[in-house]
Amino acid sequence: MGRTDSLRKCLDNVTHPEFRFGVLSGESGCGKTSFLQAGLWPGLESRGFRCLYVKLTERNPLAVIRQALAQQTEIPQAPVNELDVPAILEAAAGGEPASSDNKGVVLVLDQFEQFFVHQRYKADRQPFLEALAAWYGQSGHPVRLLISICKDYVGHLYELQEAMGYSLGPNESFYLEKFEPREAASVLRVMAKTEALGFDEEFAQELTAQELASPRDGLVSPVDLQILTWMIKAQKGAERKAFDRSTYQKLGGIEQLLERFLQQVLQARETEARRQAAVKVLLALVDLESSTRAGVLTLSDLQCKLSGLLRAEEAKEAVHWLSRGDIRLVTARHQKKEPGYELAHERLIPALRRLAGKTLSEADKANQLLDRRVNEWMGNQRAARYLLRWRELRLIQKQHPYLVWGSKRAQKEVLIAKSRQRRNGGLAAAGMMAVIAVSLTTLYYSDRGQIWLMERDLRLLAQQTRDPALLKKSALAFFASNHVQRLWRW
């Protein structure tokens, strides 16, 4: 809805005979994925092109492309797993040159920012980028490439363009804007009709222009429209299910909309423990360092990531609940071996961080502390006195799943390991001292210990006196306890 002009322009350019490579960009939450899946994909097929749609995740991009090829064509997965990038593109094209019946293939790589998020080092990215550059260098190839990427990561594409030796032209770069207020009002009208909700046209115009529009650019995010619709539909009582001022005010306004949405959904959980389990699963699906989705994670991945925080069964129950059709905070991605899961919208991340409250506050403290202490430790020749103190180490270990490692990951891990070794050594020494102390105390209060103390006092007294009567009694006491040798010392 509301994308007719943008879709026509993109289709015309992508299907142009001279088109080989292009980039679709836009802000997070502007609807790039929906634009590609519900608009561009069927539009390409209607024009005689095959669309190979691939959504990149935290996995190796080549593996994700292979899986998509096997799922969207009749090629079995086993032989596909042996193909490199050029062979995959040849297979996608069916090994046939472009014709009137087969105009070629458009490879769409969606969420390309995931490639840069999870392939952190240039050396790790180089093989895949070089493979794409090698494909681009082949003249007359029937495969075209369209990359969809979040605006914040567009600058990272210079590596690919440098490898290709090519700069994008105006007909190869597409920017998907958020909605103008009037467009957003029209979208709300259609959504209200689709969902059988009441609709106040005047209020919708005012809402989109004054409340939903960003103060920075005056545009409206599609995700905000979708979640607003969910919130209104979820209201209790038929009279409150409408796009009108009364309903909107009861929702708390746009500033609280997303957080209220999360709170309302999570409130359905029966206990506080279950609500916390759901929040922890949602956080595990977020890359906290870059404030992006962590990609598609299987249940096994999530259980491993949350080990120590949630039992395997708790994580499983929370994942299944969050991916229910009436919840939709987590999207299930069907894969051949094991289903994967990802956060439904990146727009939920700021609200999720606020909702997490104390947990993320402690995580932030741990990250700030670790950043400061690793710099101090490295700046002082890694001296032992700059290792983490016991209380600091405890905080960092408690927040381990939420630590942001950054470029100094190796140094941070060494600092934590050495601090743990010093702590364990200190605990061992303290334990040994405790054993010695307990042993001495036991000996002190035993019969043997008490006799030794009395003998010591008696010996000191005998050395300090010249009274014959006292010396005689002391001598008899030592003789009675078989300490005859002590008598000769006197």
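Me: Why does G29 count as buried?

Reply: Buried means under 20% relative accessible area, exposed over 50%, and partly exposed in between, with a 1.4 Å probe and protein chains only. G29 has 16% relative accessibility, so G29 counts as buried. This is a predicted model, where local features need pLDDT of at least 70, side-chain atom pairs count only at pLDDT 80 or more, and totals for chains, interfaces and linings use all residues. Residues are numbered from 1 along each chain as its sequence is written, and side-chain values use heavy atoms, with hydrogens and water left out.

Me: Where is G29, and with which residues is it in contact, leaving aside neighbours within four places in sequence?

Reply: Helices (H or I, at least four residues) and strands (E, at least two) are DSSP runs, numbered from the N terminus. G29 lies in the loop between β1 (21–26) and α2 (32–46). Contact means heavy atoms within 4.5 Å. With those neighbours left aside, G29 is in contact with S221, P222, V223 and R347. The C-alpha atoms of G29 and E346 are 6.7 Å apart, although 317 residues separate them along the chain.

Me: What span should helix α3 have?

Reply: The expected span is 1.5 Å times one less than the number of residues. Helix α3 (residues 61–72) has 12 residues and should therefore span 16 Å; its end C-alpha atoms are 16 Å apart, which agrees.

Me: How many residues of α3 are buried?

Reply: Of its 12 residues, 9 are buried, among them P61, L62 and V64. The buried residues of α3 pack against several elements, including β2 (50–55) and α7 (122–136).
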